[in-house]
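Work through the exercises below with the sequence and coordinates open. Each task is followed by a stepwise solution.

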Amino acid sequence: MSDLVPLIGEPLALDLVNTRPSTGDLLASPDDLRHWWTLQAARLPDEVPHEVRAEDLAAVRAVREHTARALDHVRRGDEPPAADLRALNEAQRAAPAISELGWTGSAVGVVRRREGAPGLRLAACLAEAAADLFADPAVATIRKCEADDCVMLFLPTHPRRRWCSATRCGNRVRVARHYQRHKTAEPGRPGTR
C-alpha cells in the first residue's frame, strides 16, 4: 500500500472514489482493501473479515470505477452512462438486503442485513451508498481539490473550502505560495528584485 493514508470522512461513495489519488491506487491489493475497510468499519454494517480475497477486491474496485464514471456526470447535472448505473444496480442485487426482524426482549427490532460473500456485501453496500449520493441534491456541490496535483473530490461543508484536506493539500499549497513570495523577495539573488 502507498504511504499515503486514505482520506476518510466524506460520504462513503466519495471516500471510495478517493482511493484513486494521483499517486496511485490505494486499493491495489486485498490487504489494501482490508486496511480501507477497517478505516471505514464504523460506517459499514458488516465486520471486517480476517481474510480479504482477490474476488472481494475485484468487486469493490468495479463499484469504485462505475461510481467514479457516473459521479463525473451526475455532479455536473449530466446523464450518467447507463452501463455504469446498471452495474451499480447489479452490484446491489448480488448481495440483496433484507430487513431482518427479531425480538429485542420488549419489542420487535429490525436490522438491515445483506446476503452473500463478504466482498459482495461490501460492494453492494458501497453501490447503495453511491445511489444515495447520486440521488442527493448536494451531489451538484461536490468539488475537486484545487491543489494542482490532486484529484480528490469532496462535499464542501463550508462555501470557501478549496482543498480535500486542509492539512494535506491546503498546507502544501500555502507553503508553496510562501516559498514563492519569499524566494522572489530575497535581495542579492539572481532574478529577484
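**Exercise 1.** Which residues does P96 touch, not counting residues up to four places away in sequence?

*Solution.* The model is predicted, so local features need pLDDT of at least 70 and side-chain atom pairs count only at pLDDT 80 or more, while totals for chains, interfaces and linings use all residues. Residues are numbered from 1 along each chain as its sequence is written, and side-chain values use heavy atoms, with hydrogens and water left out.

Step 1. Take contact as heavy atoms within 4.5 Å. With residues up to four places away in sequence set aside, P96 touches R113, R114 and E115.

Step 2. Check one of these pairs: P96 and E115 lie 19 residues apart in sequence, and their C-alpha atoms are 5.8 Å apart.

Step 3. Helices (H or I, at least four residues) and strands (E, at least two) are DSSP runs, numbered from the N terminus.

**Exercise 2.** Describe the largest cavity by volume, lining and residue class.

*Solution.* Step 1. On a 1 Å grid over the protein atoms alone, a cavity is a set of points where a 1.4 Å probe fits but cannot get out; lining residues have an atom within 4 Å of a point. Grid points are joined across faces, edges and corners, and a volume is the space filled by probe spheres set on the points.

Step 1. Searching the whole structure gives one cavity of 30 Å³ or more. The volume of the largest cavity is about 40 Å³.

Step 2. Its lining consists of W37, L44, P45, D46, R121, L122 and C125. Helix α5 (residues 118-135) supplies the largest share, three residues.

Step 3. Sort the lining by class: five nonpolar, no polar and two charged residues. Ala, Val, Leu, Ile, Met, Phe, Trp, Tyr, Cys and Pro count as nonpolar, Asp, Glu, Lys and Arg as charged, and the others, Gly among them, as polar.

Definitions and conventions
On a 1 Å grid over the protein atoms alone, a cavity is a set of points where a 1.4 Å probe fits but cannot get out, and a pocket is an open set with protein on both sides within 12 Å along at least five of seven lines; lining residues have an atom within 4 Å of a point.
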